[in-house]
Amino acid sequence: MLADSMDVLDGDYIMADSEWDELVWVWRQSEVPRGCRVEIIDGLVAVTPYSAQAHHGTVEPLHRRLCEVIPEDWGVHQRSALAVPRRLGLYVPDVAVVPQDALLTTDQAFVDAGRAELVVEVTSRATARHDR
């Protein structure tokens, strides 16, 4: 969550209480090309394309199976942002299983990664080096 004392000066510079607040501000302000996602990886804001169609063939059966077995007050989410502020990270995994009440936080743009019971990232040769 961004601190109340954050100020935007001249539209180009912000004053925030922490590096995390600054990174989240940049993440929120980023204009994302269609078909891409914005993540914060090790303190750097990164824009990457979503995976190819073949990638979905791996994720979809897993998603379907998880929906059959998790409790009703939990959800299986794709493209949900998970925050790890102490590591200066905000990731958009392929699948995240989180309790529904985790989505009802004061900052609904992302969920604290510690609330996730399962996080899945499907990699390929092209993405394995950078995927988390």
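This is a predicted model: local features need pLDDT of at least 70, side-chain atom pairs count only at pLDDT 80 or more; totals for chains, interfaces and linings use all residues.

Student: OK, what's up with the phi of Arg79?

Tutor: The phi of Arg79 is positive, about 70°, even though Arg79 isn't a glycine. As a rule, most residues other than glycine have a negative phi.

Student: And how exposed is Arg79?

Tutor: Partly exposed: its relative accessible area is 49%. The cut-off for exposed is over 50%, so Arg79 stays in the partly exposed class.

Student: Which other residue has a positive phi without being a glycine?

Tutor: Leu88 is one, with a phi of about 50°. You'll find Leu88 in the loop between strand 6 and strand 7 (89-91).

Student: Is Leu88 buried or exposed?

Tutor: Leu88 counts as buried, at 18% relative accessibility. Buried means under 20%, so Leu88 falls in that class.

Student: Changing topic: how many cavities of 30 Å³ or more are there?

Tutor: There's 1 cavity of that size in the structure.

Student: Which residues line the largest cavity?

Tutor: Arg79 turns up again here, together with Arg37, Tyr50, Ser51, His55, His56, Val59, Gln78, Val92, Pro93 and Asp94.

Student: And what classes are those lining residues?

Tutor: The lining of the largest cavity has 4 nonpolar, 4 polar and 3 charged residues.

Student: Which element gives the largest share of that lining?

Tutor: Helix 2 (residues 53-69) does, with 3 residues.

Student: Let's zoom out. How many helices and strands does the protein have?

Tutor: The protein has 2 helices and 10 strands. Along the sequence the order runs β-β-α-β-β-α-β-β-β-β-β-β.

Student: What share of the residues is buried?

Tutor: Buried residues account for 37% of the 132 residues in the protein, and Leu88 counts as buried.

Student: Last one: how much accessible surface does the protein have?

Tutor: About 8,600 Å², and carbon and sulfur atoms hold 51% of that.

Terms used. Residues are numbered from 1 along each chain as its sequence is written. Side-chain values use heavy atoms; hydrogens and water are left out. On a 1 Å grid over the protein atoms alone, a cavity is a set of points where a 1.4 Å probe fits but cannot get out, and a pocket is an open set with protein on both sides within 12 Å along at least five of seven lines; lining residues have an atom within 4 Å of a point. Grid points are joined across faces, edges and corners, and a volume is the space filled by probe spheres set on the points. Helices (H or I, at least four residues) and strands (E, at least two) are DSSP runs, numbered from the N terminus. Ala, Val, Leu, Ile, Met, Phe, Trp, Tyr, Cys and Pro count as nonpolar, Asp, Glu, Lys and Arg as charged, and the others, Gly among them, as polar. Buried means under 20% relative accessible area, exposed over 50%, partly exposed in between (1.4 Å probe, protein chains only). Accessible areas come from the Shrake-Rupley method with a 1.4 Å probe; for residues, only the protein chains shown count as cover.
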